[in-house]
Amino acid sequence: MEDRTLILNIGEDDAALGDLFDSMEAIQSGNYGSKGRKIILHITQVDHLDLVILKSDAAVISVPEIEFEETAGIGRMASIYDLMEEFEDQITKCGGYVASQEMRGKFDRIRNKIADMKHGRSPFTFVIDDPISNSFVVAGMEKLLQEMKPQVIDYSRSWDQDAELDLLIAKDNHFDDVEDAVNKMCDLIQQSHRIVALTGAGISVESGIPAYRMTDASSDMWENYAPEDAKLENFLNSEKSRFSHWDRTTNFMKIVLKSQPNPAHKIFGQLFQQDKLKGIVTTNIDNMHELGGVPDEMICHLHGSEFQVECVKCRTEFDRTEIHNRLEQELSIPSCHAPCDGILRPRTIFFGETLDQEVLEQARNLISECDLLIVIGTSLIVQPANKLPQISLGKNVPTVLVTKSDTIYDNFVDLRVDAPCGEFFSRVAEKLK
């Protein structure tokens with residue numbers, strides 16, 4: 001794979017032309033770019049429309065001025081004029097399916113704008129975004145191309161793009177004998193000095209704590225509660241929802257306060273003592289990592305903590321344990337001290353609520369600086385946490401996945417373990433002594 005020129009000389013019998021259209025054939029033959037490439041062309045006069053483009057089926061074409069984007073999947077050689085005519089046809093067909101007069105008017109305005117662009121009456125930007133750099137301008141049009149002041153931006157492909165293009169190489173990362181997996185885990189830990197863990201509900205399920213999300217088969221904590229009451233809007237505007245939420249989370253806290261960290265939590269306390277741990281990123285709200293020996297300042301709580309409560313009005317913070325003890329005696333809706341009397345809320349992420357972007361950025365930075373990522377007890381389905389392993393994988397940093405669920409990363413991590421995480425890390429800790 002080499003850096004690609006923007007100009008391609010097409011011979012009459014060029015057998016490779018079909019490979020350029022077909023991204024899979026190009027990839028199999030190794031005839032593709034090591035990076036993605038975005039070509040930005042500025043169409044300011046009518047003869048610029050004569051420029052002939054060779055577009056691979058992996059490329060996406062867009063015209064920002066009309067907010068139009070043609071998805072990948074079609075590869076061909078055509079002039080910009082011909083491509084704009086195709087866009088016009090697509091807009092016309094789409095407009096025919098629209099019943100709303102307002103929407104039809106919008107499609108008509110876009111179609112009229114394309115007509116102006118086609119006849120040189122309206123300058124526009126033509127963008128070709130090809131993740132394998134297999135789109136070109138046909139040779140013989142260099143002078144015309146220079147008039148258009150092309151911008152060429154090379155970029156590194158994301159892990160998602162490499163996976164979609166089938167560019168990732170599967171690793172031999174499964175061990176039939178758990179002891180072999182334990183040895184591999186120990187080797188990776190001993191070679192590392194900036195270890196980061198990414199943990200989900202599965203690590204705490206083995207401590208007897210039910211999964212918080214209602215989609216988890218191991219959780220029955222939603223049996224008597226309506227999920228709508230866990231939406232922030234409902235919680236803030238409905239006394240009924242607040243009562244339901246405090247009732248459910250009080251029952252959850254009863255379990256949490258009786259639970260103890262298991263060996264999968266404690267291994268990171270051990271790594272902290274050995275000065276090997278850089279930090280933990282977790283979606284759990286149960287504080288088991290703190291009880292396992294990791295300082296709170298080294299833990300990035302993506303979904304917050306059930307142990308923290310604040311007033312939404314004056315932002316006063318409260319100790320959840322104190323509130324829990326009161327609610328155990330008599331269940332009610334707690335409120336802030338007088339004269340504020342504001343609504344209290346746990347410092348957790350409610351359903352439908354977006355993550356704190358500073359916390360998410362902290363998580364990304366932690367993982368980008370690690371030399372070993374250990375992912376435990378998560379199916380890696382919920383966004384944006386499910387994207388975090390791509391940071392380590394994209395940098396070829398050793399990545400371990402210990403979970404009972406199948407994930408999209410299973411074949412690409414350095415070690416894949418589907419044993420119970422507590423049992424597995426108990427053996428790892430013993431081996432590391």
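Two strands pair if DSSP finds at least two bridges between them. Helices (H or I, at least four residues) and strands (E, at least two) are DSSP runs, numbered from the N terminus. Keep both in mind.

Now, the ground rules. This is a predicted model, where local features need pLDDT of at least 70, side-chain atom pairs count only at pLDDT 80 or more, and totals for chains, interfaces and linings use all residues. Residues are numbered from 1 along each chain as its sequence is written, and side-chain values use heavy atoms, with hydrogens and water left out.

Let's start with strand β7. It covers residues 124–130. Its partner β2 spans residues 36–43, and the two pair in the antiparallel sense over 7 bridges. Look at leucine 41: its bridge partner in β7 is phenylalanine 126. Strand β4, residues 60–63, also runs antiparallel to β7, joined to it by 3 bridges. There, serine 62 stands opposite valine 127 of β7.

Is β7 enclosed or open? Of its 7 residues, 6 are buried, so β7 is largely enclosed by the rest of the structure. Buried means under 20% relative accessible area, exposed over 50%, partly exposed in between (1.4 Å probe, protein chains only).

Just past that, look at serine 133. Serine 133 sits in the loop between β7 and β8 (136–138). Its phi is near 55°, which is positive in a residue other than glycine. Serine 133 is buried too, at a relative accessible area of 3%.

Asparagine 287 is another case. Its phi is positive, about 65°, and it is not a glycine. Find it in the loop between β11 (277–282) and α12 (288–291). With 16% relative accessibility, asparagine 287 counts as buried.

Next, the open sheet. It has 6 strands, in the order β12-β11-β10-β16-β17-β18, with parallel pairing. The edges are β12 (299–301) and β18 (415–417), each pairing on one side only. From one strand to the next, the twist averages 15°. Angles here run from 0 to 180 degrees between N-to-C directions, and axes are lines fitted to C-alpha atoms, for helices over the stretch in contact.

Inside that sheet, β10 (residues 195–199) pairs with β16 in the parallel sense over 5 bridges. Isoleucine 195 stands opposite leucine 372 in β16. Helix α11, residues 263–273, packs on the sheet and touches β10, β11 and β16. Its direction makes about 155° with that of β11. Contact means heavy atoms within 4.5 Å.

What holds strands of a sheet together? Strands pair through backbone hydrogen bonds, either parallel or antiparallel.

On to two helices. The axes of α10 (residues 239–258) and α13 (residues 320–329) come within 10 Å and cross at roughly 110°. That makes α10 roughly perpendicular to α13. The cut-offs: under 35 degrees is roughly parallel, over 145 roughly antiparallel, 65 to 115 roughly perpendicular, and the rest oblique.

Which residues meet? From α10 come Trp246, Thr249, Thr250, Met253, Lys254 and Leu257; from α13, Arg320, Ile323, His324, Leu327 and Glu328. They divide into 5 nonpolar, 3 polar and 3 charged. Ala, Val, Leu, Ile, Met, Phe, Trp, Tyr, Cys and Pro count as nonpolar, Asp, Glu, Lys and Arg as charged, and the others, Gly among them, as polar.

Last, the cis peptide bonds. One runs from alanine 338 to proline 339, with omega near 5°. Proline 339 is in the loop between α13 and β15 (344–348). Another runs from glutamine 383 to proline 384, with omega near 0°. Proline 384 lies in the loop between β16 (372–376) and α15 (389–394).
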